[in-house]
Every structure is written in structure tokens, then in C-alpha cells.
Amino acid sequence: MLAILSDKFKGTLTSQEAAAAICDGLHAAWPEAECAYAPMADGGEGTAQALGAEPHGSVLWYELPSGDAYVPSCGEGMAWQSALSEGTLCQRSTEALGHAIRQAVDSGRYRRVYVGIGGTTTADGGIGMLRALGYEVSISPEGVARSIKAPSNSAERAYRRSVCGLADVAAPLIGSGLSAMSFLAQKGATPGDEAAIRRLFLSLTKICRYPAPFGGSGGGIGFAIQGIMGCECTYGARFVLDRALASMPRPSLIITGEGRIDSQTLGGKVVDTVYSYGASRGIPVAAFAGCADPGATYPNTFACTRPGEALPDNPAEALRLTAMLAAPSLQAIVSHHDNNRTND
């Protein structure tokens, strides 16, 4: 059995559409292939749908099949999310996200309130969210964080007991490698924005209360949840993956994919997570991409275009044709894997 667990191809195909195109291409060239697919996401856009969540009546969060709550930070149809994209990057605040989290926690209905952290248009270090949650944050006129005071002990305990971040990437708030600073350009940052945000982030690291390996996710939302509040944070992609595979038999091959495989993929996004899972379970993995950077290579990667080429006008058809061409290689991988399992 082939498990097709693709992320979205951002701006062109949803995760469902990408998986369907791969499946169609494989069946055209390999009719006997047995395929099962499920949508994948990493804590950013599409995570609620991948988890089978339904909007809560308040339209502030989603409810998961487990009975827990899921509060998305971007792209999941919550009306309050428009406030996260208002103004320049330095003017945008995560305050609306904080209000949604606080109401979900204060409702007392949920053992866990999961917060999706990824694909955001903000980079305030989670300060707006913290203030909405009752934290007192002192910022100097120069934009330097001076202090952060927690709310009442009971409120902080409630947050630490129930809130869990689902991060799209493991990266620090600031550093020489992949960090929150790496994502500013795609959020529309100007040079002035970058300088101001760097000052803010550097000052925040000096008042960090807990380790924050996911601090760079969501423009610092991960830092606020993990480094200031002391709440649990985990890979959003692994959270979704575990639930997707729980309903499937053990596959002979897992096929994943995303629109662009690059250095950001290496930070724990869907493709990276699926490869890590396969390696730990002895299951081969293959990936499809719109394009793949040479510096971010994974075994058995099949790209629709070469680096620098324009994406095709019909990405679904291009993905389907790529899957057709890849089918003989994938068939050989499955045959080799199945033979090895038989011999073992």
C-alpha cells in the first residue's frame, strides 16, 4: 500500500488536490498500485482541515474529533484573523490570536487548546498575544522589551496545563542560521522593519524564561508560548502525521510533497517530518515538488520543474505527469522494500 501524505502546493493546489494528482498519475502508469491518501499540514494553513476539525459555534476556534480545541494563527477562515494582517509588518499584532486562545481556555470545555503556529503575517514576538492573555509587557519607545510580568498564578497554571503550540518549524527567535528573521522577507518586511524587529527579538531573548527551540515559528508566537509562558510546543507536521497514519495499514512507501523543497523545509516542515518518520520506522519515502533547490536534497525526490523555471500553467496536470514518469522508480523502491521484509 502507498500512503500519499502531501502538503499543499502553496498558491496552486490544496493538499487534497496534490495527493489526488499524484494518485492519478501513479494509477495511469502503475494500475495495480494501491493508494490511500490524507491531507497534511504543519500548523499553518490547512491544519484544521487535515485534522478533521469543525468550527466551534463562537467561530473563534475549531473543535477536534478528540474533543480538544484548535486555534489557528492563519488561513483557516476565522474572521478575527484579518486583524493579524493590518498595517505594516511592525504594526501588525497577534492580539486577536491571544483573545481567541484566552476564551477557549476560559471556557473550561477543553483539556487541550492547540495553537497552530505557521504561515503567519506577523512578527511581533507574540507580544500582542501575551497582552491579550493577561501578561504585562513593557516596551521602550525604541521598541526594546524591558520586562514581561505573568498574570495571576492560577491563570498562568491554566495556560501551562492546557495550551500546546503546533509549530511549522523548529528554529530560534534569532540566530545565525534559520530563525524567525529568515521569514521576514516573505511577510513583506522593509529594511526598517527588519532592523526594528531584530532589536525587539534580541531584547526578548534576554528575558526568556524557558527554553524555546520552536521560538522562531509564527514570527515569535512560538517564543511567547514556549519561552515566556512555558507551555508545550511540538512539530505540527508530526502531530498531523501521527493521526493520518493511525487510520492506515503500514505502508510499503510513503509519498509526500510540497510546492517548493528548500532550506526552510529542513526545519521540520511536512516533507522533512515524513522523511524522519520513514527513517525511524524502516519505511521508504519519496517526495514530489513543484521545484526543489539543489541544497535541500532528499532521496527519491521528483520535481515538476528545474530550479529557476516558471511553474506550469496547470500544476495539477504537471504533477500528474511527473508521477507517471516516477512510477517505475517508485515501483522498484516498493519491490526492493517488500523483498527485504520477506527475507527478514
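Predicted model: local features only at pLDDT ≥ 70, side-chain atom pairs only at ≥ 80, totals over all residues.
## The parallel sheet

Strand S1, which covers residues 2–6, pairs with S2 in the parallel sense, and three bridges join the two. One of the residue pairs behind this is Ala3, whose bridge partner in S2 is Ala36.

S1 and S2 belong to an open sheet of five strands, arranged in the order S2-S1-S11-S12-S13 with parallel pairing. At the edges of this sheet lie strand S2 (35–37) and strand S13 (301–303), each of which pairs on one side only. From one strand to the next, the twist averages 25°. Helix H9, made of residues 270–281, packs on the sheet, where it touches S1, strand S11 (253–261), strand S12 (285–292) and S13, and its direction makes about 155° with that of S11.

## An antiparallel hairpin

A further pairing involves strand S7 (residues 136–139) and strand S8 (residues 145–149), which run in the antiparallel sense and are linked over four bridges. Within this pairing, Ser138 has Ser147 in S8 as its bridge partner. The hairpin of S7 and S8 has five residues between the strands, and Gly143 takes a positive phi near 85° there.

In general, the strands of a sheet pair through backbone hydrogen bonds, and this can happen in either the parallel or the antiparallel sense.

Ile101 is found in helix H3, which spans residues 95–106. Its relative accessibility is 1%, and because a residue under 20% is taken as buried, Ile101 counts as buried.

Leaving aside residues up to four places away in sequence, Ile101 touches Val71, Val115, Met129, Leu133 and Val163. The C-alpha atom of Ile101 is also separated by 8.9 Å from that of Ala132, although these two residues are 31 residues apart along the chain.

## The chain as a whole

The protein chain contains 10 helices and 13 strands. Its radius of gyration is 21 Å, close to the 20 Å that the globule rule gives for 344 residues, and the chain is therefore as compact as a globular protein of that length. Along its principal axes, the C-alpha trace spans about 65 × 45 × 40 Å.

Of the 344 residues in the protein chain, 55% count as buried, while the accessible surface of the chain comes to about 14,500 Å², with 50% of that belonging to carbon and sulfur atoms. Among the contacts between residues at least 6 apart in sequence, 69% join residues that are at least 24 apart.

How values were computed:
Residues numbered from 1 in each chain as written. Heavy atoms only, no water. Pairing = 2+ DSSP bridges. Axes fitted to C-alpha atoms, helices over the stretch in contact; angles between N-to-C directions. Contact = heavy atoms within 4.5 Å. Buried < 20%, exposed > 50% of the residue type's maximum accessible area, 1.4 Å probe, protein only. Rg over C-alpha atoms; globule rule 2.2 N^0.38 Å. Areas by Shrake-Rupley, 256 points an atom, 1.4 Å probe, with all protein chains shown as cover.
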